[in-house]
Amino acid sequence: MTDECITRNYNVLSIIADSIDAKGCTAEPLVVAGVGGGAIAASAAAVLPANKFVARMPVERYASEYNMNHKNRGLALIFNHEFFDIPTLKSRTGTNVDAQELSKTFENLGFKVAVHKDCKLRDILKQIEKAAVQDHTDNDCLAVAILSHGEHGYLYAKDTQYKLDNIWHYFTAAFCPTLAGKPKLFFIQACQGDRLDGGMMLEKSVTETDGESSMSYKIPIHADFLFSYSTIPGYYSWRNINNGSWYMQSLIQELNTNGKKYDLLTLLTFVNQRVAIDFESNVPATPIMDRQKQIPCLTSMLTRILRFSDKPNGNKAG
């Protein structure tokens, strides 16, 4: 089965599915120890004394919204994977469009953007560790985007597979206290399996009518994370070789159009809508791949509303 297809996106021509990721691949599940300390840090997190750590409170205890009025918006890391050392993984034509446009979008929202291309796992962890040890006191939040192949439970670096928690645990409150109580946002463009979603046709019912505290408090070290995935567990994620992936196209368009108008969870709901309604594969020569659909999903541990509002003039850090 090829992962190169033609799709029906009303205006879109040809696309590739981020698929056939682990077929025949002999890579073992990642053990991070020795390539950046992930396994060591992860195990250490399980035994860290819970009452030892104190971090600066970035917002009032019962504030309904995150404080997005620090001096800086924050760091945005983009890990863009086009080519792989693993023979079974095809190149991801079209991913550079995603990376370029997403970089512009993050910059428009005020992020300091760093794009890393075709990194091996060791290099990814090096960049993640470098970001985690920075002082984020004057930053609103952190954003990380990973554009790659994937399968259920795993993502791919240039040379091997790894689990997402080997990345995000570096930013938990225990390891990165200057991000404690602040949003940590992860956007993942990758397959989560090889299942296909044939969709369901909806028709109008014949009965329808026509018409259109300031006191100290403790938080969990895993609070304030958000993970937005291009597809649901077990399923394909589709990519256009000219215009980029369905999910990234929709995320970028929504952030560009409404990024400062709606809160993030509302924005991601409309990203789901764009992907679900506006895209459909068009592979008549391969019926099993033809007229397929996709739906993104997210896991949120956010504890407040997040809005990328404009920063006031003369804004002070803190």
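Modeller: A salt bridge here is a side-chain nitrogen of Lys or Arg within 4 Å of a carboxyl oxygen of Asp or Glu. This is a predicted model, where local features need pLDDT of at least 70, side-chain atom pairs count only at pLDDT 80 or more, and totals for chains, interfaces and linings use all residues. Residues are numbered from 1 along each chain as its sequence is written, and side-chain values use heavy atoms, with hydrogens and water left out.

Colleague: What makes glutamate 280 and arginine 291 a salt bridge?

Modeller: Their closest N and O atoms are 3.1 Å apart. The limit is 4 Å, so the pair counts. Glutamate 280 sits in strand β13 and arginine 291 in the loop between β13 and β14, so the bridge ties parts eleven residues apart in sequence. Strands are DSSP E runs of at least two residues, helices are H or I runs of at least four, and both are numbered from the N terminus.

Colleague: Why is glutamate 280 called buried?

Modeller: Buried means under 20% relative accessible area, exposed over 50%, and partly exposed in between (1.4 Å probe, protein chains only). Glutamate 280 has 15%, so it is buried. Arginine 291 has 44%, so it is partly exposed.

Colleague: How do you know that lysine 158 and aspartate 85 pair?

Modeller: The N to O distance is 3.6 Å, which makes a salt bridge. Lysine 158 is in the loop between β7 and β8, and aspartate 85 in the loop between β3 and α2, so the pair links parts 73 residues apart in sequence. Lysine 158, at 18%, is buried. Aspartate 85, at 43%, is partly exposed.

Colleague: What makes α2 roughly parallel to α5?

Modeller: These axes come within 10 Å and cross at roughly 20 degrees. That is under 35, so α2 is roughly parallel to α5.

Colleague: Which side chains bridge α5 and α6?

Modeller: Glutamate 254 in α5 and arginine 274 in α6, so the pair ties parts 20 residues apart in sequence. Their N to O distance is 2.6 Å. Both residues are buried.

Conventions: Axes are lines fitted to C-alpha atoms, for helices over the stretch in contact, and angles run from 0 to 180 degrees between N-to-C directions. Angles under 35 degrees count as roughly parallel, over 145 as roughly antiparallel, 65 to 115 as roughly perpendicular and the rest as oblique.
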